[in-house]
Amino acid sequence: MTESAAAHKTLDLIAIGRSSIDLYGQQIGCRLEDVASFAKSVGGCPANIAIGTSRLGLRAALITRVGAEQMGGFIREQLVREGVATDGVHTDKERLSRLVLLAVQAEGVSPTIFYRADCADMALDESDIDESLIARSRAIVVTGTHFSKPNVAAAQSMAIALAKRHGAKVVFDIDYRPNLWGLAGHEAGFARYVKSEAVSTRLSAVLADCDLIVGTEEEVMIAAGADSVIDSLRGIRAKSGAIIVLKRGALGCVVYDGPIPESLDSGIVGKGFPVEVFNVLGAGDAFMSGFLRGWLRGESLLTCAAWANACGAFAVSRLLCSPEYPTWPELRHFLDHGSPERALRRDGALNHIHWATTRRRDMPRLMAFAIDHRIQLEELTGNEAEAGRISAFKVLAVAAARRVADGRPGFGMLLDDKYGRDALFAAGAGQDLWVARPIELPGSRPLQFEFGQDIGSRLIEWPVDHCVKVLCFYHPDDDEALKAEQTTKLMTAFEAARKVGREILVEIIASKAGPLDDDTIARVLTELYDAGLKPDWWKLEPQASAKAWQAIDSVIAARDPLCRGVVLLGLEAPIEKLSESFAAARSAERVRGFAVGRTIFAEAADRWMKGEIGDDAAIDEMAKKFGALVDLWLSFDRR
């Protein structure tokens, strides 16, 4: 490839073919008939590979079709969140997105049902293949399933021809599922091999155009049409000079870059990793992702095999497909340090890296209007009987925040469940405003949760992008028994948030329980990190000195460099005082913004509750103060 041609290769790979909504049974060890709830994710071999390679740092794209409905929207949005280019994701207005139901019934046994009748991804045709997109990529990945129908076979064949015209490598994932070729019933989605001369004839015609061919023992047999693995490898080699990768499950893989030897193990052997097999579905796509990360970056085939096996190990040790695939930092940590756990999903260090490197959105800055207050607003109305008025006022606060945010990123709100239901609806899930919701019983010390202590069952009802917020009045000089009780409660909230996939913000107020010195908050954070707490955000009081902020920065950098950062709280300080606090925080590396409440809404709430101003005036007043704080913060923050 010429230097000029290489410069136009803005993509490392394009995966072509299946995309689906995977619904995984959340009850483990039961029949699919007995599953009571499901977890949703993007699936389908090419979609999984696009996501898996993107997580490992490759520039990936996907060519597929999705339905013109909410699940098609989910597939597209998730691809964007994962950094996958969606230029080739086409919307089919006539068909629905593919749906797959799966369960983990036993080790290595996962009943699967493909809802695939006239689905969008199997309607892919030559009109969906854009030559300019193919020309931008260093490689394409085609899959066996998409040679099962004439239209999709024609689309992939066209992509292969264009790839070769533009100097791109052709990667063939044999990806054989008899069910998708019409060779098994709907109930046999997990079946891996049915001999078929017709399938072998179709797949073998692809081999000569390939640069890399990857498959399991059953898959190489169907591709070659032979009755033994070694004969199948030789049959493939007779048609193709491609590198052949034989996946062997727990044994790892063998790579053949020349003549096929007498013994399977006489190739380049990539040893497997000794992990617990939890769910094998999607492991091959993770494997392919790891291999491509090495192969397209010019690594040795032995290194490619090691990375592939490691990615496969992650997949088989976790429940879902693409959401469980490792990111590059996670994979490097595993390769460098290994794991003390055979079940990688129980490795706390790996889980934290995975969580922190797959967050749903990037937030280098956060400017939040906090109106999750309950007691303070009850005091204004006189009693809880005026809950309707409190709720209505919080909706006005959302309108004020939206006016200031004006669709820009980095804005948020803190809203509560007690009085904020309508405001939460107004803020909207998954839209422009970041939302955090308190779980603490207001004023409790020791910390207690509001509405009961079983926090996990409450969080499962929240939108996935809502953040847990928990306030704790904690001082490092507190009695040890009190600190232990509060730390246990914080850890309960943290573990519940992680279990159900919600971010968590921990707010620490120490000044209510003792003096605030240059090392007070740093000591609090050290104690909580020592206990295992690793929140996504800290919400902290303003500090009086640069020395105090330096101490906080040092603790976070040493204990959790993947922490999103710190937001400042206000404690009803006037804007002039907050200006001083913002200026003092300017030197802090970890401070990302503010979450201020009463400074913004207290006066407007008092006047509105008394009937002195109407809705529009209240919104105007809150928007003016929130906007002033935003402008003030931006004048100090140069990010």
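**Briefing on the predicted model**

The cover over the buried residues of helix H8 includes strand S10 (212-216), H7, strand S11 (243-247) and strand S12 (252-256). The model is predicted.

**Helix H8**

- Helix H8 is formed by residues 229-239, and its buried residues are Val 229, Ile 230, Ser 232, Leu 233, Ile 236 and Arg 237.
- These residues lie on the same side of H8, because the arc they cover around the axis is only 160 degrees.

**Helices H6 and H7**

- Helix H6 (residues 197-204) packs with helix H7 (residues 217-224) at an angle of about 85 degrees, and their axes are 6 Å apart.
- H6 is therefore roughly perpendicular to H7, as angles of 65 to 115 degrees are counted in this way.
- On the H6 side, Val 199, Ser 200, Leu 203 and Ser 204 take part in the contact, and they meet Met 221, Ile 222 and Ala 223 of H7.
- Sorted by class, the contact of H6 with H7 comprises 5 nonpolar and 2 polar residues, with no charged residues.

**The whole protein chain**

- The protein chain contains 22 helices and 21 strands.
- Its radius of gyration is 28 Å, close to the 26 Å given by the globule rule for 639 residues, so the chain is as compact as a globular protein of that length.
- The C-alpha trace spans about 85 × 55 × 50 Å along its principal axes.
- Buried residues make up 57% of the 639 residues.
- Among contacts with a separation of 6 or more, 73% are between residues 24 or more positions apart.

Conventions: Residues are numbered from 1 along each chain as its sequence is written. This is a predicted model: local features need pLDDT of at least 70, side-chain atom pairs count only at pLDDT 80 or more; totals for chains, interfaces and linings use all residues. Side-chain values use heavy atoms; hydrogens and water are left out. Axes are lines fitted to C-alpha atoms, for helices over the stretch in contact, and angles run from 0 to 180 degrees between N-to-C directions. Helices (H or I, at least four residues) and strands (E, at least two) are DSSP runs, numbered from the N terminus. Angles under 35 degrees count as roughly parallel, over 145 as roughly antiparallel, 65 to 115 as roughly perpendicular and the rest as oblique. Contact means heavy atoms within 4.5 Å. Ala, Val, Leu, Ile, Met, Phe, Trp, Tyr, Cys and Pro count as nonpolar, Asp, Glu, Lys and Arg as charged, and the others, Gly among them, as polar. Buried means under 20% relative accessible area, exposed over 50%, partly exposed in between (1.4 Å probe, protein chains only). The arc is that of the directions from the helix axis to the C-beta atoms. The radius of gyration is taken over C-alpha atoms; the globule rule is 2.2 Å times the number of residues to the power 0.38.
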